[in-house]
Amino acid sequence: FFDAQTRQTLFLSVPLFGAEAELHDYFRRDWVWGFDAAVGGTNGVLSLPTLAGPAYRYSVVNVGTSLTAEWPVGRVAPFVGVRVAYLIMGRKFDDAAFPDQRFAMVSPGLATGARFQLTRKLNLTARSRLQYLQYTVDAQRSLGFWELAALLTYEP
């Protein structure tokens, strides 16, 4: 998340492990329709102005689909497109006095990057995503966040 306070107290930065599948040239030549899912988690400590201390486990589930256009130039194919994701974020407190918390929402965004062909069937992809999250639980906030990824992909 771009907002440091949000990133440190509400939605923690976590590494994600995921899987993706893509359909190349499905709708149109050089268009790619992708599906992805990722999970991640970390530990945190609740820090509020009036209360500090209870530890919790923070988890993220991220499921999405994207539509990108590629411009192949030799072994390199830069791409740009749109993405929509469904995010589920939760906190499970170690102290039973605190109820578990969950937040789920749809997040639209943009994707950009480049695919580098290593061999005929093996590619290395560098990708960034810029997403939007509207948070309306305790305040009305519009939050932006980004993802960076390096992928090793195989095309059958």
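The model is a prediction, so local features are taken up only at a pLDDT of at least 70 and side-chain atom pairs only at pLDDT 80 or more, while totals for chains, interfaces and linings use all residues. Residues are numbered from 1 along each chain as its sequence is written, and side-chain values rest on heavy atoms, with hydrogens and water left out.

Confidence comes first. The mean pLDDT (the predictor's confidence in each residue, from 0 to 100) is 88 for the protein, and 92% of the residues score at least 70. Where pLDDT is low, the predicted coordinates should not be read in detail.

As for the fold, the protein has one helix and seven strands, running α-β-β-β-β-β-β-β from the N terminus on. Elements here are DSSP runs numbered from the N terminus, with helices being H or I of at least four residues and strands E of at least two. Along the principal axes, the C-alpha atoms fill a box of roughly 60 × 30 × 25 Å. Of the 156 residues, 32% count as buried; that label means under 20% relative accessible area, with exposed over 50% and partly exposed in between (1.4 Å probe, protein chains only). Contacts (heavy atoms within 4.5 Å) between residues at least 6 apart in sequence join residues at least 24 apart in 52% of cases. The protein exposes about 9,700 Å², 61% of it supplied by carbon and sulfur atoms; areas come from the Shrake-Rupley method with a 1.4 Å probe, and for residues only the protein chains shown count as cover.

Of the 49 residues that line it, Glu20, Arg127, Arg129, Glu147 and Ala149 are the closest to its centre. Elements giving two or more residues to this lining are E1 (16–24), E2 (31–47), E3 (52–70), E4 (76–93), E5 (101–117), E6 (122–135) and E7 (141–154). E7 provides the largest share, 10 residues. By class, the lining has 28 nonpolar, 10 polar and 11 charged residues. Here Ala, Val, Leu, Ile, Met, Phe, Trp, Tyr, Cys and Pro are nonpolar, Asp, Glu, Lys and Arg charged, and the others, Gly among them, polar. A pocket is an open set of points on a 1 Å grid over the protein atoms alone where a 1.4 Å probe fits, with protein on both sides within 12 Å along at least five of seven lines, and lining residues have an atom within 4 Å of a point.

The loop between E1 and E2 holds aspartate 25 and also aspartate 30. Phi is positive in each, near 60 degrees for aspartate 25 and near 70 degrees for aspartate 30. Most residues other than glycine have a negative phi. Aspartate 25 counts as partly exposed because its relative accessibility is 45%; aspartate 30, at 24%, is partly exposed too.

Glycine 40, in strand E2, counts as buried because its relative accessibility is 18%. Beyond its neighbours within four places in sequence, glycine 40 contacts Val14, Pro15, Leu16, Tyr58, Ser59 and Val60. Alanine 126, found in strand E6, is partly exposed at 38%.
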